[in-house]
Amino acid sequence: MSVILQCEKLTHIYSPGTPFEFKALDGLDLSVEKGSFTGIIGHTGSGKSTLIKHFNGLLKPTSGRVLLEGKDIWEEPKKIHSVRSRVGLVFQFPEYQIFEETVEKDIAFGPKNMGLDEDGVRRAVEHASEITGISSAMLKKSPFELSGGEKRRVAIAGVIAMSPEVLILDEPAAGLDPKGKDAILDYIGRYHREGGNTVMIVSHSMEDVSRVAERILVLDGGRMTIDGTPKEVFRMGESLKKMGLELPFVPRVLSRLAAMGIDVDTAEYTSEGAARALMSLKQRRDGNA
Amino acid sequence: MLKDITLGQFFPGQSAVHRVDPRFKIVYTLWFIVMVFTASTPCGYALVFLFLLYTVLISKISVKLILKSLKPILIFMIFTAVLNLLYARGETVLWSWKFITITQEGLLRALYMVLRIMFLVAGTSMLTYTTSPTMLTDGVERLFKPLAKLRFPVHELAMMMTIALRFIPILIEETDKIMSAQRARGADFESGNLLRRAKALVPLLVPLFVSAFRRADELALAMECRCYRGGEGRTKYRAMKAGGVDLAAGLVMLAIQVGIILLGRFGI
């Protein structure tokens, strides 16, 4: 697989030269493969949001580079718009960015800015609403009549409508009920599978990220401290705790069992995986008896 | 970008300037404005400048920051200087070309005017730099308290001011967020003619207003939940007491003021 997004020694300092000077990113190196599904985890203030704002050129690095398919995105500052349609960014609580009279018009905002013709815009809106499960009746409604979860869905559809090669979402499931959460993670997964798009999810909750991501990056103090598959990451429960992060429920139970002297694999993170681990343990015990 | 706005910004500290009672600090700031206008001689201006420099230095606010607060009025200062330079009448002509005449008096007056503006802006920004918005409105409320007898809603106005000040950074942050979100969707706020730019603001202003109303609603509800009922019979958590620092600051100002007036009398 080829690398689509890359950071080289990325450093960002906010308000340099004032008493509020703050180093949010500190020489971060990172590369993301095409078609992958990555989760970025870190507690509040670890630099997650700052990092993703660099991916589509909303922030300019204080030093270091961001490469999109091997090309520095700031090579031609005037063409930063084309980067923004290739790397789609959904912010935290994206429902607050909705402004149009109808859902349809709001989803069409991105494609229109890309300069698509009427037909292209219509197709983009159709495609995005299909992925996110927005019915044609809902398209005609005013976004301000919708529920919180539906608004979030519209806002995410507004970014998907631009068909970005890389879709990045900041806390897409925050503040939603379990059902809304499932729905959102489900159609993000659909966008990932369809057409081999690259997806990144940023969250402080490992629970959500581990359900969908193939690779997990952990940020702490503007640096990348852990990089691995969910299983590898969850074996490092202790160092995660030091960074103010909590293991998801299943690994937490398993590591408590391990601490009690029961021999289980603590890296299982799905309830199915945990069931398997416990069943194999039972079989071994029954065999010994 | 938007975060670089210094208007109404407060820089916490423990210096003597920070510790002056807000009521006194407001009065002293007004006094400082008067002081700037009483200065009329080179030495008088120098004295005002030294006093300002002294306050800045002991407050540990960086000089760079003060200069930054002057930046937005640079054009205004240049405009004032040019006008004074061209229109002031005087005897000693330094340079003249066709209808443009520059006199020594004009030059001096332009210089004084620019200095005055600089002192005023720098001095008043020192008030907001060293006083937290809550302390500031508390001070204003106490200063206007006598007006409450005339049924003037002093407390309500102070509360409104506190909330408004508190909301400035929140709304700036919100604007920043919404701008980022719309930019990520390809919105362009910087290019195009005036009409296009005005149109480009719609995706920014609609969500901003919606969220401002939502916040106002939530705040009103939260205040009512905590039984807020206005100023009558309300006591303060921080009781303001005049102390040594206030007296000392007042004496220093008095000394400078007397100095300026004396220097003005002797014309030096």
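How many residue pairs are in polar contact across the interface of chain B and chain A? The rule finds three, both residues of each pair being at pLDDT 80 or more. A polar contact here is a pair of N or O atoms within 3.5 Å; within protein, one must be able to donate a hydrogen and the other to accept it, and residues adjacent in sequence count only if both atoms are side-chain atoms.

Before we go on, a word on the model. It is predicted, with local features needing pLDDT of at least 70 and side-chain atom pairs counting only at pLDDT 80 or more, while totals for chains, interfaces and linings use all residues. Residues are numbered from 1 along each chain as its sequence is written, chains are lettered from A and ligands numbered from 1 in the order in which they are written, and side-chain values use heavy atoms, leaving out hydrogens and water.

Let's return to the interface. Here 21 residues of chain B are in contact (heavy atoms within 4.5 Å) with 23 residues of chain A. Together the two chains bury about 1900 Å², 64% of it on carbon and sulfur atoms; buried area is the accessible area (1.4 Å probe) that two parts lose on being put together, summed over both. Of the area that chain B buries against chain A, 34% comes from Arg183(B), Ala184(B) and Arg185(B), more than from any other three residues.

Arg185(B) also forms a salt bridge with Asp106(A), their closest N and O atoms being 3.3 Å apart. A salt bridge means a side-chain nitrogen of Lys or Arg within 4 Å of a carboxyl oxygen of Asp or Glu, and the rule finds one across this interface. On chain B, α4 (63-70), α8 (154-184) and α10 (202-225) each supply at least two residues of the side that touches chain A. Helices (H or I, at least four residues) and strands (E, at least two) are DSSP runs, numbered from the N terminus.

Now look at chain A, where four strands form an open antiparallel sheet in the order β2-β1-β4-β5. Strands count as paired if DSSP finds at least two bridges between them. At the edges are β2 (22-33) and β5 (71-72), each pairing on one side only. Strand β4 (residues 63-68) pairs with β5(A) over two bridges, and Leu67(A) has Asp72(A) as its bridge partner.

Arg65(A) and Glu8(A) meet in a salt bridge (3.1 Å, N to O), linking β4 to β1 (residues 3-14) across 57 residues.
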